[in-house]
Amino acid sequence: MGNEFYTLHDFMLFTKGAVYYLMGVIVLSILGFWLYITARDEDNLIQ
Amino acid sequence: MSTLKTENLKQYLTPFNIVVGIILLLGGFVTILRFTKGLGAVTNLTDNYPWGLWISFDLLCGVALAAGGYTTSAACYVFGLKRFHSAVRPAILTAFLGYALVVFALHYDVGRPWRLPYPFFVQSGPTSVLFEVGLCVFLYLITLFIEWVPSALEWLGIRKPRDIIVKATLALTIFGVVLSTMHQSSLGALFLIAPSKMHPLWYSSYIPLFFFVSSIAAGLSMVIFESTLSHHYMHDKMDETYLKEHDGVTYGFAKGAAMVLVLYFFIKVVGLTLDNNWSYLLTGYGAWYLLELLGFVALPAFLYAIAVREKKLTLIRWTAVLTVLGIVLNRFNVSLVAFNWHLPPEMRYFPRWHEFVVSIFVVTIGLLVFRFIASRMPIFYEHPDFKEHEARELEEHELKPHPQTWGH
Amino acid sequence: MQRRTFLGLLGAAGIGAAVTKTAQAASVQHFEGYPDSYGVLFDATRCIGCRSCEAGCNQINGLPAPHKPFDDLSVLAKKRRTDAKTFTVVNRFDQIPGVAGAVFRKDQCQHCLEPACASACFVAAFTKTPQGAVIWDESVCVGCRYCMIACPFEIPTYEYNEPLTPRVMKCHMCHPHITSGKATVPGCVGACPTEALVYGKRTDLLAIARQRFAAFPDRYVNHIYGEREMGGTNWLYISGVPFRYIGLREDLGVTPAPELTSGALAAVPIISAAWPVLLTGIYAINKRRDKIAAEEKKQAVKEALAKAQAKAKEELDKALAKAEAEKKSAIEREVKKALEEAAKAQAEADKGQTEEGE
């Protein structure tokens, strides 16, 4: 941990912010992964 | 010439239009007052009570009661309850309008409404629960809009983009459930930061869970309640499938709501036990709390159960109303009654009439827009050219495009 | 004035050294706040309720003149709170058990080490400065007033009568004035005639408070309000009467505000990851169930059809066979009959011939 945080608030501002970006990545990755898994099913329509 | 005019005028002077007209006029008046004189001129908000009726009703209740959108679409598309299919579109439309109105009403409440996108585009405060609520409401409003767009496209006869969106139904539904879970619970979590200002009976570390679970009951009950109203006023717009499935949907949702209410009841009791708040039940606040818990959670759970067993549709409908009122009562209790309970009575808040006017104004706009859309677009019926659940028909259509179809 | 910032009398013992570094344990983050941050120590035993601090604050911040001048002490009859035009107020507390006269307390932003307002702000408009003050940035504030909900000390106020540019107003410990060099101590501290207020490093203030406790053990309640309340504040109070009698809540606890919501916020990303997986799974199970049901139905229909066809064929064959057999026997019968008739005719012809021959 290179950054030195003096307050819990600053620390959370940093970590929670990072987690929000991560959440976007997570949701999109899971979607992509599911599409990859089901790509060769005969009925792969997402419906 | 003048007689013709008065006749025209008379034609429009139905009681409904008169009431709506008065509400719109008053709403416009208070709107002008709000944006020229400030919140002080139209609200009873104080430095101790920064949040009043507009947050309690328009935001907290509005979002909870718009939960029908995600519960219905999840039941139909994720949990595979296909018989709820005809209930999805009205629920999505209601949810979309509900959220749009929540955001609209927030423009009255916040100081600088044009800055509402600031948390996402200028400077973020991710430590705030409100940031989470704002982000989810913002994204969910977009999601609901996309989910609603097919109705409009079918109305206009535009096929291609509509088919793309319909193919993404599952992804949109799941995304909607994720966002709803997050912000429904976070609306409760907003109050976690103020333990010293909340009455212990309503403050719990479980409060996000309480809000989320009760939003499911609220959503299911709102679908029952709205479908009753729609049945009454928009019967001619409904197709055979809708009418045929209607009773089944009502029974199914009543069963679901009963189970969720029982869950809600028990986790409330668990919260009470974990925080050792039983002794508060003997106070005045305790009586009020018991009224909420027994009269508006336990009672509707039982009434739903009886109504489902005895196949009593009327009882289900009244129980839906009771449940919705119970959720409204809970949101008011958390945000107004339990909040600042330590203050002396003369410092407590009661809304000014202007605040009621704006809340009624917002609901009225919602009703008008709903009526406008539902009486034109395929909401209560399936568009004959876009029938879905018989795949054969879809294939046929792809072979011979509809004359109105553009871009083929 | 110099006197109040002069804190050489302290050995600045142990405490100072201990709080300087961010202690980072293996799993649990622990934060001690900015080292060398400044604060104010308020001593209720010295306050005489003269409202000079209110006047000093009003003047240095250029706030609008109050309804009643600052030397009018009749306003003390009623408990007041901060408002959009007043960053600090002094309140009088009477009828305290065991105390003959009144006790006064000044109220303003406590400048928490972990400010609830900052934690609650969704545009991060509040900053905890390394110097100790909690300041607010007008350029991003949306005016949602969640900071006012969050503050356990009921400090931030709002310009309710501003239609389009309402500001959140609160004490900033004269941070802008001190950094710009306009003042060396906060306006209220500079105006106090009785040294009820001391401005200095928080660590030093804690030491001063303890020294006073040691020097006059009978005069004070042995507790520094703000040392640990809500995770600690830069504004500290010492008093001769329990703090609840001078309008300070003793039930706030020591949990810093950000910790109150960090658990709920930590659940959010889990939902974003778990729900899509769980719901897609439920969907896939349902879809598979439907597919199997559909296939079984198709199979059953096929089988039933085949069975029906087989049965029909069998019956047809039987009918055909029967018809064949009947046809055969009919032919046989006909042939037999014809033969019989032929034989009969033959016999008769033979008979006639015989008769003729006789």
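A word on the model before we start. It is predicted, with local features needing pLDDT of at least 70 and side-chain atom pairs counting only at pLDDT 80 or more, while totals for chains, interfaces and linings use all residues. Residues are numbered from 1 along each chain as its sequence is written, chains are lettered from A and ligands numbered from 1 in the order in which they are written, and side-chain values use heavy atoms, leaving out hydrogens and water.

Let's begin with chains B and C. Contact here means heavy atoms within 4.5 Å, and chain B brings 62 residues to it, chain C 57. The size of an interface is often given as the accessible area lost when the parts come together. For this pair the buried area (lost on being put together, 1.4 Å probe, summed over both parts) is about 4900 Å², with carbon and sulfur atoms giving 61%. On the chain B side, B:D47, B:R112 and B:I193 lose the most area to chain C, together 16% of what that side buries.

How many salt bridges are there between chain B and chain C? Two, counting a side-chain nitrogen of Lys or Arg within 4 Å of a carboxyl oxygen of Asp or Glu. B:D109 forms one with C:R145, where the closest N and O atoms are 3.0 Å apart.

Now over to chains C and A. Here 33 residues of chain C meet 23 residues of chain A. About 2300 Å² is buried between chain C and chain A, and carbon and sulfur atoms give 65% of that. The salt bridge count between chain C and chain A is zero. Which parts of chain C touch chain A? α4 (116-120), β4 (126-128) and α9 (257-357) of chain C each supply at least two residues, taking helices (H or I, at least four residues) and strands (E, at least two) as DSSP runs numbered from the N terminus. α9(C) gives the most to that side, with 16 residues.

Last, the cysteines. With a disulfide taken as two cysteine sulfur atoms within 2.5 Å, the count over all chains is zero. Buried means under 20% relative accessible area, exposed over 50%, partly exposed in between (1.4 Å probe, protein chains only). C:C144 counts as buried at 13% relative accessibility, and C:C147 does at 6%.

Methods: Buried area is the accessible area (1.4 Å probe) that two parts lose on being put together, summed over both.
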